Amino acid sequence: MANFKDWALQYVLSDEEPAQREIATKAAKEIESSGASRTVVGNWAASVQPWMARAQSGYDDQMDDGEDGGGSDIIARAKALGFLAGTLKALDRKLLKTDQVVFLVGFFGAMFSYDHKAGITASAKALRQLYAMRAFKPDMGVKMIEDVSKLKEDFRLQTASTRLEIYELFLSLIQNPAVSSELQHKYGSSCGFTVDLLQLCQNERDPRNLMLWFKIITVILANFSTSTEVTEEIFKAFSAYFPISLRSSATPIGITAEDLKGAVRACFSAHQHIAALTFPFLMQKLDQGDAVTVAVKVDILKTIKACVEQYENPQTSIVPYIEKIWNSLKYEVRNGEVKETIDTTLEVLQAIANKLDGSKTQRLDATLLKSYIDLVFKDCRDDLANPTYTKQAGLLLMTVITSNARAYMLESVSFVDCIRQNFQQPKSPSHTRDLVLILNSFLKARLELIRSRNQGHLEDEEQLKTEPRVHLDALFHDVYLGIWTAKANEPNSENIEILKQVTRGLALLANQQVVQQDGSRALLCSGKICSEICTLLTQCLVRGLTLSSNDNTTNDATFEEEALLALRSVVMVYTPAYEEFVRRATTEIRKRDWENASAYSLDALKNAVSQLAFVGCSQIPSAIASDTTFSNSSSPVQHFITLTTAVLDIFPLSTPGPGTEALANSYAIAGVHAAILFFRDACTAKYQPEALVSYSKSDKNWIEEFGHLPDDWLQNLRVSGDENLSALDENDPEVYRQFLKLSLYLVRHLYRTASSGTQSIWTGRILGQLADIAALVIRNLGEQLQVSCNLGLEAFNFFAGPQTQSPEQISTGPFVELLTRGVLEGLWPGAMADLYNPGGIAEKFLCNTDGLEPFLGLQSEIRASIGSILANKYKGGPSTSDPEVQTVKRVLVFWGEEIRKATTSDGTEPKIFQALNCIAMHIIAGATARQDKAVVDLIPVFKAAIGSEHANSEIVARSLGVLVKDSELLKADNHAIIRRFYKQWAYSHLAKPLYPLASPSADGASAATRYRTAILSIVSNCSFNVYEADVEPLVRLLITTLTERSGLSQRVLSQQLVSALEILVEILSNEPDALKGHLKAIIGGGMKIYEECLPENKHKAEAGGEPARRRNLIMARKLVLQVLGAVPKKFEERYLLPYSLQLQRMLGLACGDPVREVRQIARLARGNWLKVV
Amino acid sequence: MQKSDLDNENPTILNVSQLPSREQKKAIARHGPDSSYDHLLFSRYHSSDASSVLEDDEEYEDVFDDALDQQEIYDLISTVSDPEHPHTLGELNVVRLPDIHLTPPQGDPRGLATVLVELTPTINHCSLATIIGLAVRFRLEQALPPNYRIDVRMKEGTHAQDEQVNKQLADKERVAAALENDSLQSVVNTMLKTCVV
């Protein structure tokens, strides 16, 4: 037979849980294998007999002796019972028969009245297991509760974890419907067991147990119909905990004070039959006055709200207490100061209104809601006329009335009337402001009600259709316009505050919608009123243009901003207003003299164009009917068309003489740019970015389509609209696509005009802007679309159309190449494939060294940027137009040869070579970013060029950093091909091999210096982790640079210094230890450099020299001080003390540096060194 | 009611935006909701960035003309905290821009120059006037180059014992001795904690 006794003994002797679990499992297996035969189960239960017997004999003594006497017995006995419980846990749930379960329930249940010291935990565990058995019957549950309740006073002496077991047992029993009905059957409405439970658990303080205890109470309240006395007892039990708080503990238990509050709140809101107890109790707590803290107040309010929301049958559970609740709560808002309390109070009041409206399925009688609102109205009406309480009273009323559609329909008219009456007799400016504020909030809430009308009752929409409108219609003339006219004449700060509110109100009023009979929405205000509102707002915005600088004295920009936001919100629903705004602004712009524009005029123009773009294009207009809306105005892209055509109409504003820049023209073009930027943002915000991906299905050649359109197509669109565009729905992502199409049309139009226009209008600046616009638009087009539009070719053709097939025929002013850059910048590499035919456009362009005069510097910069893009977005290989992958390779070889020639023979002047070198380096940089192997072939060329003693070699050395310099053009946004570790790649191939050549001991000091320049130029453009492995040799180079400076021109010298210092700053912040041995050289060298870089040090650096070098000198001084200032933070004092005095002297002098920024850094450094003592 | 230990319980405090600052002198930049793209729309240079080899020459033009002036001295000392209120001397109007005198106004940076700062105590019997003067003096000594002679005084008629206070502040040895005193030094350090650069 099974040796249960041995196992029990082993279990008792074992101290480890896994071992115990194993023994229990063994026992369970044994019982299972016997099919739970009576004998086996009997044996198993009897196995704990030795410990039980001892307990029995000693029980009475213990009772007499008190606590002592057999402490080890208790532990052993507890363990023995644990053996039984553990076995039950491991046992198959279906195995035990009913009589066996009954027996075991009886056995363990008896423990609660018999063995308070050892038996409870194990018994509670065992009972929970038995509850889960299949043979469990509801009456056993009742017995369990009764047995456990016998613990009485001893319950609170149990450990918290034991109590937790018992709570869990109770909860599962009570939540079991069969057990609970058995309980109700046995105890009836007196629910005697509840009283026992309450007695048992009344002193609970452990948070984890409390959570369960509250849950049990909630279940009892919700599921048992207890008698009044019992209910009162239960209420007393949990309300004693209110308001609950939790002391912070060093060992967090995963329960927060909020959890506890929520659990108590659930007790209060468990069932409406405690309403008569709950509300008076909570009100009494709330009315304690100052004794209640904000947190408690919020807790009370949230509890009231939960009760209001949860209780059913509001007629009996809520209505009788409404007056009391209102009378308490109104003071929280009326005299309240804490926002949190006020907000929560308003939520409660709103919850009451919503409860009285009924649920979606069951509506309540309207009189309930009406009498509630009347109650609120009665108290607030007088307060509205009292400036001290206007805001609060308005807030209360507004919140209640706009709680739901029915409340709104019941009382909105009288509310608005009441506000209007008060407007007629304002007590003070702040009274007016508060009234406007209330009215605005009301309009805002009304807007929300109309928007969410489908979520409420079905009847709501029907009711809203019949809403009276006269009182709202009249608001503009009766209220807003009157205040506006009165206050606009005296713009003091108080009036401006009111005007700002009025502006907001006007926007809200114009946005108001009504539900029409067919269920669609229409604007509340007539077109006439909307127009009037827009005229007022427009007037504010164009005032800058209409006045002269002397007259425009109001400088409160915040009011203008308010008007701007208001007008935007109006034109988004009432579309004709935008046309009017644009017309007025452009008329005013035309009136001004732009040939000799003053700074004031230019600022006003700047304001006007960005405001025009912001108002019309930063959101997508909605199609809402109004009585005067033209059919063509409802297109979502209409404002965009209106603005861009208007700008094209006024352009050019002036025709400057050659060589002068007309900012006005540039600002006008900025209007188109702004419109595209804002509209793009609006589109990306409204539609998902994926919206664009899906349109590849209809990739037509847009450019060809544009060719068939008349020249005045856009103008026609503005005047008469387009069927396809008008049919667009604002929520359809097609809007984005149509916007891009229109933008591309604009780009094409501007490019065509610019490439054939006069140079005095299309200056470098404006062409640069056009290029930016083109890049912005083209960047957003998909690759397929770019291919089908053949944009790669258009980059050189400037959209000239079929009549000028060959790129050579395009007129080329000095900066027209900027236009090429714009298109190429936004293209995908795949869309440029055709350019790379051997000997094709790209190759010709990249190898072109002619035509750089007369603007050598600028021209070469432009060409360099194009070259960099072309060399970067190159994809050769089979199935491309360059199957041999030779095009860019040839280009690189060409430039390698150019560099070689220029640094060996005397042919090329440094000035010319500088320009060519700029182009070469940028082309190579483009190829470097995608790790083109052909770049590696150039290394010998660079080495030789830098090592050569030719005057041009210095230029190569100092520009080598361009290859790894971060560039706007080579960014992933622009679809450039950037390999992730290309900087590491470039560094290891280009800079690393130069280290040995750059060491001072190498032959030819001047060549070594140039190699050093080259290394520093590359390293200063890399992040620290790129050159981390070479810090040591690098530091040696840096020290040499700081201490020895000869054999270089002043210009290179200062540039080299700046690079070296930049790298030092990096190393100092990342790996200062590498510099520890060189502190003397760094500090000494740094001090010397600072001296030399001061402007009055005439023999080295003349003051007023060329600006580029002056800039380098300032940079060098800044960086030196930055390095010197960082040193004390990075090293221990013992390394610093020897230099402290001389440095403080030097930094003291540096505090008088001629440049302010340098002085600031000097002061910081001085402060850091002062601490070294 | 308990009597407060403060000399002046309720001083007038200026808002930070009311204090004189260098930004006010410059044109006010646009900052409305429509100005988010100003840097792209109205900037002088467009995104051609081949300027690494050929530098543009105008960018740094404005940094050359910025000799040490009254405003800079004001910025240095207006951020010193008051010893008894949680406000700076600028906010309490103890330090005022017109009361900072620089001779020569913007002269040779290497020649000798004098800074005279006149302080206005919040009340004329302020017992902390000396310590405030000491902190201002200490701050300037740490921040100005050695060719500046520093003179800190109470503005005439603003303090009941201005002569006495001025005498103390002008006495180099007494100032040095005061700064040797640990407790005084710690008060001054606390006052200077709010000075950033």
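Analyst: **A close look**

A:T820 counts as buried because its relative accessibility is 3%, where buried means under 20% relative accessible area, exposed means over 50%, and partly exposed lies in between, computed with a 1.4 Å probe on protein chains only. This is a predicted model, in which local features need a pLDDT of at least 70 and side-chain atom pairs count only at pLDDT 80 or more, while totals for chains, interfaces and linings use all residues. Residues are numbered from 1 along each chain as its sequence is written, chains are lettered from A and ligands numbered from 1 in the order in which they are written, and side-chain values use heavy atoms, leaving out hydrogens and water.

A:T820 belongs to helix α42 of chain A, residues 817–826; helices (H or I, at least four residues) and strands (E, at least two) are DSSP runs numbered from the N terminus. Leaving aside residues up to four places away in sequence, A:T820 touches A:A795, A:F796, A:F798 and A:I866, a contact being heavy atoms within 4.5 Å.

In helix α6 of chain B, residues 172–180, the buried residues are B:V175, B:A178 and B:L179. Seen down the axis of α6(B), these buried residues fall within an arc of 95 degrees, so they line one face of the helix; the arc is that of the directions from the helix axis to the C-beta atoms. As background, an α-helix has 3.6 residues a turn, so residues three or four places apart point the same way. The buried residues of α6(B) pack against α4 (129–143), α5 (162–170) and α7 (182–192) of chain B, whereas B:E173 and B:E180 are exposed on the other side of α6(B).

Strand β2 (residues 113–119) of chain B runs parallel to β3(B) and is joined to it by seven bridges, and two strands pair if DSSP finds at least two bridges between them. B:L119, for example, has B:M154 in β3(B) as its bridge partner. Strand β3 of chain B, residues 148–154, is mostly covered, with five of its seven residues buried.
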